[in-house]
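This report describes how two chains sit against each other. Have the sequence and the model in view while reading.

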Amino acid sequence: MSPTGTMRTPQILATLVSGALFGFGLALSTMISPEVVLSFLRFRDFGLALVLGGAVVVTLLAYQLAPRLMRRPWLGGHFAVRPSAIDRDTMAGAAVFGIGWGLCGVCPGPAIAGLGAGNLPLWVALAGIAAGAYLQGWLADRRGGIAGPMG
Amino acid sequence: MFETVFPWGHYLAGGLLIGAGVGLLFLFTGWVGGMSTVFSSTWSYLSRRPFFRQARFVETRGWRLVFALGLVLGAGVWWAWLGPEGGVRTGVPLWQLAAGGVLVGYGARLSNGCTSGHGICGLASLQLPSLLAVLVFMATGIATAQLVLLLGGR
């Protein structure tokens, strides 16, 4: 991608198709139903572990093999490395995220995908997530900080 | 038919498809597609706050939004093809969706990752911080969901 963030048409199409596979998978695996997620967290149904495990294995192959076997991505650019750090924000954020997840059974992916399958109440969760993300940015600014270590 | 032999088949098939989506995005473009960042990067279209003006949001906001649109389209294809007539409905009370959503958005952005960011992309990158984050949000998620049940909620 160019520094200004504009995308070329092949990149737009590839991103759309990749996203559609992701969304289809979330719907097929019923992760867009908060009830199914909550039943996992209540030890009544272990499907979510299978969904996450399956997704990790396929992604692991792509992330580990592609940079070794290919010089660059098919549409150009370079293979990005996910920014990562063990710090207070990462862990505190994960704890707060989990509390919210256990309360509503919705996380960012299903909140978005669920809209495509007509799950209208998920608009409420989606609006909540957007508000929470704004709050995080606002508080980070007040804290004086574009100190976020991660990209 | 398939489901009677493999009652968990849709979970595995769905998981593999999710991985295929995240993996293909990487093979085509080199981009790492966790889903929580779009909730910060999209604010950069609307807000002038310095936090949202960071390059990591402004430079990736376009593809992140297209990727999110893809999620909606993919779930739409599933609905049209295999889904229930009236759409998927949730019975989780609206206050839980609203309050839980705010905590999910705040926490995932503070942590720089969610179930897909830490859980899929982070683990697939063999990153220790993501493994710890997954263990932490699984623990607080399980505790909260059990507590809600105990207090008579949904």
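Is the crossing of α1(A) and α5(B) left-handed or right-handed? The crossing of these two helices, α1(A) and α5(B), is right-handed. A crossing counts as right-handed if the near helix is turned clockwise from the far one by less than a right angle, and as left-handed if anticlockwise.

The model is predicted: local features need pLDDT of at least 70, side-chain atom pairs count only at pLDDT 80 or more, and totals for chains, interfaces and linings use all residues. Residues are numbered from 1 along each chain as its sequence is written, while chains are lettered from A and ligands numbered from 1 in the order in which they are written.

**Two helix pairs**

Two packed helices are described by the angle between their axes and the distance between the axes. Here an axis is a line fitted to C-alpha atoms, for helices over the stretch in contact, and angles run from 0 to 180 degrees between N-to-C directions. Helices are DSSP runs (H or I, at least four residues), as are strands (E, at least two), numbered from the N terminus.

| Helix of chain A | Helix of chain B | Axes come within | Crossing angle |
|---|---|---|---|
| α1 (residues 9-28) | α5 (residues 61-82) | 6 Å | roughly 45° |
| α3 (residues 47-69) | α2 (residues 9-29) | 7 Å | roughly 25° |

The contact of α1(A) with α5(B) has 22 nonpolar, seven polar and no charged residues. At roughly 25°, α3(A) and α2(B) are roughly parallel to each other. Angles under 35 degrees count as roughly parallel, over 145 as roughly antiparallel, 65 to 115 as roughly perpendicular and the rest as oblique. The contact of α3(A) with α2(B) has 19 nonpolar, eight polar and no charged residues. Nonpolar means Ala, Val, Leu, Ile, Met, Phe, Trp, Tyr, Cys and Pro, charged means Asp, Glu, Lys and Arg, and the others, Gly among them, are polar.

**The whole contact**

The contact between the chains takes 110 residues from chain A and 109 residues from chain B. Two residues are in contact if their C-beta atoms, placed from the backbone, lie within 7 Å. On the side of chain B that touches chain A, α2(B) gives the largest share, 20 residues. That side of chain B divides into 65 nonpolar, 38 polar and six charged residues.

Chain B has eight helices and zero strands. The C-alpha trace of chain B spans about 50 × 40 × 35 Å along its principal axes.
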